[in-house]
Amino acid sequence: MTVFLVRRMIQSVIILWVMSLLVFTGVYAIGNPVDMLIDPQSSQEVRETAIRNLGLDRPLWVQYIVFLKGAVRGNLGNSFIYNMPALKLITQRLPATLELATSAMMIAIFVGLPLGIVAGLKSKSAIGRGIMTCSILGFSLPNFWVGLMFVMIFSITLGWLPTSGRGETVEIFGIGISFLTIDGLKHLILPALTLSLFPLALIIRLTKAGVEETWLSEFVKFARSKGLTMNRIILVHILKNILIPVVTVTGIQFGMLLAFAVVTETVFAWPGMGKLIIDSINYLDRPVIVAYLLVTVIIFIIINLIVDTLYSVLDPRVGIGE
Amino acid sequence: MRRAKTVTKFKIKPQSNIDGHPFRLLTSNFLESKTATIATVIMFGILLIAFFAPLISSQNPYDLAQITILDGTLAPGLKGHQGTTYWLGTDDQGRDMLSAILYGLRISLAIGLSSGFLALIFGTAIGLLAAYYGGKLDVLVMRIVDLQLSFPALLIALVLLAILGRGIDKVIFALVISQWAYFARTVRGTALVEKKKEYIEAANCLALSTKRIMFRHLLPNCMPPLIVIGAVNVANAIALEATLSFLGVGLPITEPSLGLLISNGYEYMLSGQYWISVFPGIALLVTVASINIFTERLREVLNPRLEK
């Protein structure tokens, strides 16, 4: 276990370093942020001071070393636009995105598992086929368009739910959380539902395939011949065996959700990380783009680590020592 | 009733297994699913419509001489001041939405197909090389593939486009870079299995050239899963491009794909002019869904393990 963790840590540091190099060089090839920041009519002198103050007059490799020196101390540079540490800016927005992604995942799991089980047990019937066709729709529906349709139907036509923003939040340990207030919950429903469609479809399909496979296995036949109730067979015998792929996919999908939150947050003006990165790309706010990507890489590394570890906990046959 | 059905199935199936070309067998198998058949017809229909868009549509929506701002934001079914009926309404510039959708479909499909095809060639070549030569090359390629697949394609494409800027060629490039790894991994897996089989050994004994073995013997046997992944990727690429264009990092405004049309209609939707955004979205949905249902069935038919 320790060997596994140490090896993963070393790998992660290497990945982070390679990513920082790639992203840094890539991002610094985009346009000139000074054009966006300074009034184009200002004098040459003002321009040059601004360039010097931002450290943009130095060669790329010097800039990179300065960045790296700061990065190992946890300083990823200052945002050009907001004039505050990029990392702080991102960590401020992180809870909103995490809340959105977690809610979406919850919807996907609690709706997807039962639907998948039904589809697996009745795969030949109309209900089973209907669920599977709907799950293909879940894959095919463009995320942003669904969001727009939800806004159109539930906010504009019916007027039930708000169109954008996060609503009222409650401070817990200094972090604003919106699902504890009614207003916040109202704001959360549509974005979370939109974001949940893709993982929902995926979980339905996985569960269905798993149920179909385990239903034919010897231990289920044995359980049935013992005369156990359907509920017990499904909830204890089948569910336990299909949970491993579901957990893996849930973990990986959680990372995907953080990325797709970019789209949902743009549609619903949800003040999370995704909205921040789109704004930063439009304003050429280089430090924020770099910091966002590095934070995302770290989140992905952590998620992959948790999934791999969970795997060996759920199925003792899987060893992680190699 | 149910029993009778299974009995007839039993009688017919073995017979059709004996005679008939494998392709015909595959098609007849495929057509057993009604949903898939309908989806396939729709899919080819959309391809045809997109291909012949200039002939079908009533106007060229990007020829300024043919549109008039007097007909701006007309609701679906209304007549313009020259007496033309706009069945799907018009946008703020007075463009016929139906024509705009047909032209948008062209761009979306062109991007989806070309990026899917390029990713297929690029990924297959790399995967095949890795599987054939093995060793350090294989380890290196698979590390890169694993690393890339642990990040969502959307994020990779978004970052690439943030760096490269807008444009059709750039979008295609970003989509190929973010999707080649799926092909490389699939083809490597199949090729590793196929490599150990007797026919490759026989080809080696005949002292055929490496190139010939790889492309004439190994590649054709790795094709079935690649076709499925390829179709999935075309659907994904179309949806991804729409998403990127919606986020404002995809296509320039001069080349409006379906995603850009939806994005343009967004602001009008809030004031009740739903048709500018809704109809392109439905077109996008039908396109992507029909490809996905088609692939789903193809996967079932090509995978004998699922036929029980």
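Guide: A quick definition to begin with: helices (H or I, at least four residues) and strands (E, at least two) are DSSP runs, and both are numbered from the N terminus. What you're looking at is a predicted model, where local features need pLDDT of at least 70 and side-chain atom pairs count only at pLDDT 80 or more, while totals for chains, interfaces and linings use all residues. Residues are numbered from 1 along each chain as its sequence is written, and chains are lettered from A, with ligands numbered from 1, in the order in which they are written.

Visitor: How many helices and strands does chain A have?

Guide: Follow chain A along its sequence and you read α-α-α-α-α-α-α-β-β-α-α-α-α-α. The tally for chain A is 12 helices and 2 strands.

Visitor: And which pattern does chain B follow along the sequence?

Guide: Chain B has 12 helices and 2 strands. Read along the sequence, its pattern is α-α-α-α-β-β-α-α-α-α-α-α-α-α.

Visitor: What percentage of the residues in chain B are buried?

Guide: A residue is buried if 20 or more other C-beta atoms lie within 10 Å of its own, exposed if 12 or fewer, and partly exposed in between, with C-beta atoms placed from the backbone. In chain A, 36% of the 322 residues count as buried. For the 308 residues of chain B, the buried part is 41%.

Visitor: How many residues of chain B are in contact with chain A?

Guide: Two residues are in contact if their C-beta atoms, placed from the backbone, lie within 7 Å. On the chain A side there are 32 such residues, and the chain B residues they are in contact with number 33.

Visitor: How many charged residues are on the side of chain A that touches chain B?

Guide: Several helices of chain A each supply at least two residues to that side, including α1 (2–27), α10 (230–268) and α12 (286–314). For the classes, Ala, Val, Leu, Ile, Met, Phe, Trp, Tyr, Cys and Pro count as nonpolar, Asp, Glu, Lys and Arg as charged, and the others, Gly among them, as polar. The side of chain A that touches chain B has 24 nonpolar residues and 8 polar ones, and the number of charged residues is none.

Visitor: Are α1(A) and α12(A) roughly parallel or antiparallel?

Guide: Axes are lines fitted to C-alpha atoms, for helices over the stretch in contact, with angles from 0 to 180 degrees between N-to-C directions. The axes of α1(A) and α12(A) come within 10 Å and cross at roughly 155°. Angles under 35 degrees count as roughly parallel, over 145 as roughly antiparallel, 65 to 115 as roughly perpendicular and the rest as oblique. That makes α1(A), relative to α12(A), roughly antiparallel.

Visitor: How many nonpolar residues does the contact of α1(A) with α12(A) have?

Guide: Among the residues making this contact are A:Ile15 and A:Leu16 of α1(A), together with A:Leu293 and A:Leu294 of α12(A). By class, the contact of α1(A) with α12(A) has 2 polar residues and 2 charged ones, while the nonpolar count is 13.

Visitor: How do α10(A) and α11(A) lie to each other: roughly perpendicular or what?

Guide: The axes of α10(A) and α11(A) come within 7 Å and cross at roughly 85°. A:Ala261, A:Val262, A:Glu265 and A:Thr266 in α10(A) meet A:Gly274, A:Lys275, A:Ile277 and A:Ile278 in α11(A). The two helices, α10(A) and α11(A), are therefore roughly perpendicular.

Visitor: Where does A:Ala269 lie?

Guide: A:Ala269 isn't a glycine, yet its phi is positive, about 50°. A:Ala269 is partly exposed, with 14 other C-beta atoms within 10 Å. Its place in chain A is the loop between α10 and α11.

Visitor: Does B:Ala207 count as buried or exposed?

Guide: B:Ala207 follows α9(B), in the loop between α9 and α10 (210–247) of chain B. Although not a glycine, B:Ala207 has a positive phi of about 60°. With 6 C-beta neighbours inside 10 Å, B:Ala207 counts as exposed.
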